[in-house]
Amino acid sequence: MGKIVRSTLIFALMVSLVFGNVNAGSARVRKPKLSKSKVTITIGKKKKITVKKAKPKSTKWSLTKKGKKVVSLSKKKKRSVTIRGKKAGTAIVKARIKVKKKTYTRKVKVTVRKKKPGHTDPPVVSPSPVPTAKPSAGPTASPKPSVSPNVQTIQPIVSEDGKTETYGGLNGTVDYRLTADGKEVDVTSGDIGELGRVFNTDSLYQKWTGAGNEISKQLSSGEITILKPNPDGSRTVTVSGADGGVKEKYNVKMKEGSSSSSVTLEMQKDGTDQTQIVVIAGDTITVTGADGSPIGRLQKNGDGSYTVDLDTDWARQHGFEIGRIVG
């Protein structure tokens with residue numbers, strides 16, 4: 001199969017673990033969920049709560065009479081609200097979310113704390129060191145750093161019409177974390193480096209339509225395996241997480257009309273009607289739902305970096321984020 005197909009599967013892994021696990025083209029009504037069920041803020045501080053998992057027609061945000069004394073609500077929208085702490089105490093923010101013909105009620109418990117004065121640490125036993133027969137010659141031990149990496153969320157640029165969110169300047173010298181619907185995928189600089197080979201559509205077309213062999217590719221975010229061609233020309237792709245958990249299976253087919261200059265792949269999750277269309281042409285990879293609904297686009301730039309454009313409705317509905325792993 002060669003490096004070109006393995007590189008395609010790097011992108012397929014991102015699509016299948018992030019894009020492919022959300023129901024972009026299904027008619028099934030998705031139950032809404034709030035981004036937080038419990039929030040703690042200090043007086044004067046703000047926190048934004050968003051609606052996830054569904055595309056609401058409308059959302060009514062409300063507080064009890066007691067809660068109005070503790071927090072205030074502003075920027076009430078069908079997909080979000082901003083909470084501001086007024087005085088110490090607790091409050092319940094209620095959201096009545098209408099999705100198609102059904103209304104769901106969701107709640108957030110908000111705890112507001114007083115601002116901490118300059119020094120509020122509890123008293124400790126004498127700050128003087130306890131005398132010992134022989135002072136230690138070595139330096140004081142430093143606490144071990146957290147195992148979890150530090151991830152800095154990248155803020156996208158929203159287009160003037162509000163329909164597109166753009167993440168620019170993504171490059172192969174940085175590791176990234178992609179999040180959608182609560183799922184996380186780490187994409188290393190090495191993964192991104194290989195991604196550049198995907199845009200060689202001539203080689204991709206020749207190798208995909210050839211006899212080929214089974215290929216297994218281990219990535220930081222899991223393992224992806226592409227099997228030999230099926231009788232209908234499609235290929236079965238299995239994806240597992242980094243922990244080697246339960247594998248998910250996809251049927252990937254190169255659609256009729258593909259050529260050495262433009263390749264269209266249809267990815268369908270096994271046992272479901274979840275289908276995404278991936279089009280690779282020139283320096284662009286476009287992902288849509290089976291019904292043509294926009295999801296995202298990956299653009300290879302002249303300096304070797306990448307730009308990701310996402311449909312704003314899709315991104316906000318599924319809580320999509322890209323973060324830079326810095327430690």
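Arg 297 is partly exposed, with a relative accessible area of 39%. The classes used here are buried (under 20% relative accessible area), exposed (over 50%) and partly exposed (in between), computed with a 1.4 Å probe on protein chains only. The model is predicted: local features need pLDDT of at least 70, side-chain atom pairs count only at pLDDT 80 or more, and totals for chains, interfaces and linings use all residues. Residues are numbered from 1 along each chain as its sequence is written, and side-chain values use heavy atoms, with hydrogens and water left out.

A search of the whole structure finds three salt bridges. The term covers a side-chain nitrogen of Lys or Arg within 4 Å of a carboxyl oxygen of Asp or Glu. Helices (H or I, at least four residues) and strands (E, at least two) are DSSP runs, numbered from the N terminus.

Arg 297 takes part in one of these salt bridges. Its side chain meets that of Asp 309, at 2.7 Å from N to O. Arg 297 belongs to strand E21 (residues 294-300) and Asp 309 to strand E22, so the pair ties together parts twelve residues apart in sequence. Asp 309 is buried, at 12% relative accessible area.

Another salt bridge joins the side chains of Arg 79 and Asp 313, at 2.9 Å from N to O. This pair links distant parts of the chain, 234 residues apart. Arg 79 sits in the loop between strand E5 (71-74) and strand E6 (80-85), whereas Asp 313 is in helix H5 (residues 312-317). Arg 79 counts as buried, with 14% relative accessibility. Asp 313 is partly exposed, with a relative accessible area of 30%.

The partner is Glu 165, and the closest N and O atoms are 3.2 Å apart. Arg 316 is partly exposed, at 42% relative accessible area. Glu 165 is buried, at 6%.

Strand E22 (residues 306-311) also holds Asp 311. This residue is buried, with a relative accessible area of 19%. Contacts were assigned to heavy atoms within 4.5 Å. Residues up to four places away in sequence are not counted, and Asp 311 then touches Lys 163, Pro 294 and Ile 295.

Thr 275 was examined in the same terms. Its place is in strand E19 (residues 275-281). Thr 275 is buried, with 10% relative accessible area. Beyond residues up to four places away in sequence, Thr 275 touches Glu 266, Met 267, Gln 268, Thr 288, Gly 289 and Ala 290.

Elsewhere, four strands form an open sheet in the order E2-E8-E7-E4, with mixed pairing. Strand E2 (38-42) and strand E4 (58-63) are the edge strands, and each pairs on one side only. From one strand to the next, the twist averages 25 degrees. Axes are lines fitted to C-alpha atoms, for helices over the stretch in contact, and angles run from 0 to 180 degrees between N-to-C directions. Two strands pair if DSSP finds at least two bridges between them. E4 and strand E7 (residues 89-99) pair in the antiparallel sense over six bridges. Within this pairing, Ser 58 has Lys 98 as its bridge partner in E7.
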